[in-house]
Amino acid sequence: MPLRVQPVSRDEHLAFVAARPSASHMQVPSWGEVKPDWRAESLGWFDEEGRLVGAGLALFRPVPKLKKYLAYLPEGPLIDWYASDLDRWLDPMLAHLKGQGAFSVRMGPPVVVRRWGADAVKAAIADPAARRLGDAEATSYEPRAVDVAGRLLRAGWQRTASGSEGGFAAGQPRYVFQVPFAGRSLEDIHGGLNQQWRRNIKKAEKAGVKVVRGGEEDLPAFYGLYLETAERDRFLPRPLSYFQRMWTALTAEHPDRMRLYLAHHDGDVLAAATMLTVGDHVWYSYGASTSRKREVQPNNAMQWRMMTDAHELGAAVYDFRGITDTLEESNHLLGLLRFKAGAGGEAVEYLGEWDFPVNRLLHKALGLYMSRR
């Protein structure tokens, strides 16, 4: 029997997310309020008995003067990705989005392909023959991911350019670093940190670094460090208003959906970070730090406080978000991979983002425009 896709209320969407062990923070209703340039819609999948069996947040970006939209479901939707009849789930979604004026649909299946343990990542970085993470032997594979990719290709979906390249690119990261918490004590998690991490945490404590939770009023202090980080790490910063809007929208939905942490030393804020929570999945979202007083190791101290609090919240996974899949020493993001790998855990490859060109001409024009940006 076919599934039916239609808009659902905010409460229905949240109830569905709450009943699942994990969902992306980009698949909750409040995320739509973080993106004012996009129109947001909560979608529900209903079976023949009228039960809600899937949900997703769709974002619509208008094309000027055409009344056409790019529809985007970041890190979603929340459906049965391993169903043998995947078309049964995706076809009614496409029909609905097409009816809303979508000329192209992009989504990010939350499907894991491979995992590399921290030791495997360390060995890959040290191996001169390994230029990318994918060149190294994975610790584990998810064979069902190949089937999902095959079904998408046969149905007319196309892997995005960023999805095929991996690493940091447009859209959401295909490679992330995660520390599993489920069934582990805090002592076990601390023991999984490498020697440098444990040494730096002790050094920060001895130097008097204090990590505190901040509020909305502390966002400007975070933002000052964020601008410095953007210049140092060569990325385009978001405006302060983005983080203020994020704080207002997410904390209104759930008081612990977003937290802010700041690392102080002798009255000076040296590092700050945001932490997001949905169910038992916790993300280190945005991080910022100054180049001053690096010797007191504020970043390790802050991360350990966030990991400790995440464990207290009952997290099953602490997610460091995106990593580069490039292992070349010349890549300035390799240091970030080394830092995250020092926390133990594993590098995780997802299936990446996929496009469906509803209107091939407009879809191709969008691709040309994005390639020139």
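A salt bridge here is a side-chain nitrogen of Lys or Arg within 4 Å of a carboxyl oxygen of Asp or Glu. The model is predicted, and by that rule it holds 23 salt bridges.

**Stop 1.** Select Glu75 and Arg321. Their closest N and O atoms are 2.7 Å apart, which makes the pair a salt bridge under the 4 Å cut-off. Glu75 sits in the loop between strand E4 (68–73) and H3, while Arg321 belongs to strand E14 (residues 317–322); the two are 246 residues apart. Buried means under 20% relative accessible area. Glu75, at 15%, is buried, and Arg321, at 13%, is buried as well.

**Stop 2.** Select Glu328 and Arg131. This salt bridge has its closest N and O atoms 2.8 Å apart. Glu328 is in the loop between E14 and helix H12 (334–341), and Arg131 is in the loop between helix H4 (118–126) and strand E7 (140–141), so the contact ties together parts 197 residues apart in sequence. Glu328 is partly exposed, at 29% relative accessible area, whereas Arg131 is exposed, at 53%.

**Stop 3.** Select Arg88 and Glu48. The N to O distance of this salt bridge is 3.7 Å. Arg88 lies in helix H3 (residues 86–99) and Glu48 in the loop between strand E2 (39–46) and strand E3 (52–63), so parts 40 residues apart in sequence are tied together. Arg88 is partly exposed, with 26% relative accessibility; Glu48 is also partly exposed, with 47%.

**Stop 4.** Select Arg213, Asp256, Arg259, Arg305 and Asp309 together. What links these residues? They are joined in a network of salt bridges.

Notes: Residues are numbered from 1 along each chain as its sequence is written. This is a predicted model: local features need pLDDT of at least 70, side-chain atom pairs count only at pLDDT 80 or more; totals for chains, interfaces and linings use all residues. Side-chain values use heavy atoms; hydrogens and water are left out. Helices (H or I, at least four residues) and strands (E, at least two) are DSSP runs, numbered from the N terminus. Buried means under 20% relative accessible area, exposed over 50%, partly exposed in between (1.4 Å probe, protein chains only).
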